[in-house]
Amino acid sequence: MATSPMDQLNALVSNMFATGLLDEQFHQLKNLQDPSTPDFVSEVIALFCDDGVQIIDELAKLLEQPTVDFDMVDSFVHQLKGSSASVGALKVKNTCIQFREFCKQKSRDGCIMTLDSARTEFYDVRSKFQTMLQTGASGPGLLP
Amino acid sequence: MAFKNQGSAAPRALVVEDINVDRVILSTMLGKFNCETTIAQNGKEAVDLFLEGKTFDIVLSDKDMPVMTGPEAVAKIRAMGATEVKIVGVSADLGGMEAFMSAGADEFIPKPMTLGDLEPMLQEVISKKNMSG
C-alpha cells in the first residue's frame, strides 16, 4: 500500500529527530505556523538552506587565504550557528560551537577540519529539508 | 494560537538582528501580537532610527552584530533619552545578559526565543499602551 505524503513527511521528520539532526526547536518553528502564515516553515527552511550554502562557501574561501582572518571566520560561523539553532538543526549547531573554539584558538587546521564536518552535517540536513519541502508540496502543508 | 490584541493600538516593535532566519522568526512571532515591526540589521541602523526621531514600544536586539553590537546600541539609545521604550536583549551567548543589562536593557531572553518567552513582555507593552490611550 502506498504511503501518503503526510505519512512520508512524518516518517522523515521522526527520523531526523531520532538521528539527532533536529531538536525541539523545530517543533517551536512548526507551532508558529498558522492559517495566517501558511508558508512560514517552508520559508524559514529555504532561507536557512540558501544562507547556509553561502556561509559555507565563504568559510572555505576565508580558510584558503595565506593569512586567515579568524574574526571574519568566527563571524560567519556565528551566523550559521545562530540560524541552525533557530531552525532546530542540532548537529550543525553543535559543530559550529566546536568551530568557534578553533577560531578562538586561531587554529587553521582545526577550522578546516571542523568546516568539513559542518559542511557534511549541513548538506545532510539540507537534503532532508529539501525532501521535506518537496513532500509537503505534493500533499498537505507543514502544518502542526 | 490566537494572541491578537483586538481593538488596541498596534505595538511598534523594532527588531535588531543580523541573521536572516532569526529576523523572519522574530517578525512572525511579533505578528501574532499584531505588532508593527521595523527591522534593523545591526546596532547602528537601530541607533539611526532613533536619531531620525522614530519611536518604538519595544526593541528586541541581538547581541553580536557587525558594525555595532546590541549592547553598544542599547547604551546609545538610552543615552539619547529614550528611557520609556522597553528594550529586550536576545542572545545565545551566556555573557549576553550582563552585557545587555549593563547597557540599560530591561530584560534578557536567551536564544532561541519561544513565543512563551515573548508573550508576557508583549502583553505588558500592550497593557501600558492601552492605559496611556
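**Notebook: chain B and its contact with chain A**

I began with the contact between the chains: 20 residues of chain A touch 18 residues of chain B, where contact means heavy atoms within 4.5 Å. In chain A, A:Leu32, A:Leu47 and A:His78 lose the most area to chain B, together 31% of what that side buries.

I noted that this is a predicted model, in which local features need pLDDT of at least 70, side-chain atom pairs count only at pLDDT 80 or more, and totals for chains, interfaces and linings use all residues. Residues are numbered from 1 along each chain as its sequence is written, chains are lettered from A in the order in which they are written, and side-chain values use heavy atoms, without hydrogens and water.

Next I looked up the interface area. About 1500 Å² is buried between chain A and chain B, and carbon and sulfur atoms give 66% of it. Buried area is the accessible area (1.4 Å probe) that two parts lose on being put together, summed over both.

Then I turned to the fold of chain B. I found five helices and five strands. These are DSSP runs: helices are H or I with at least four residues, strands are E with at least two. Along the sequence the pattern is β-α-β-α-β-α-β-α-β-α.

I checked the extent last. The C-alpha trace of chain B spans about 40 × 30 × 25 Å along its principal axes. Of the 133 residues in chain B, 52% are buried, meaning under 20% relative accessible area (1.4 Å probe, protein chains only). Among contacts in chain B between residues at least 6 apart in sequence, I saw that 67% join residues at least 24 apart.

Notes. Buried means under 20% relative accessible area, exposed over 50%, partly exposed in between (1.4 Å probe, protein chains only).
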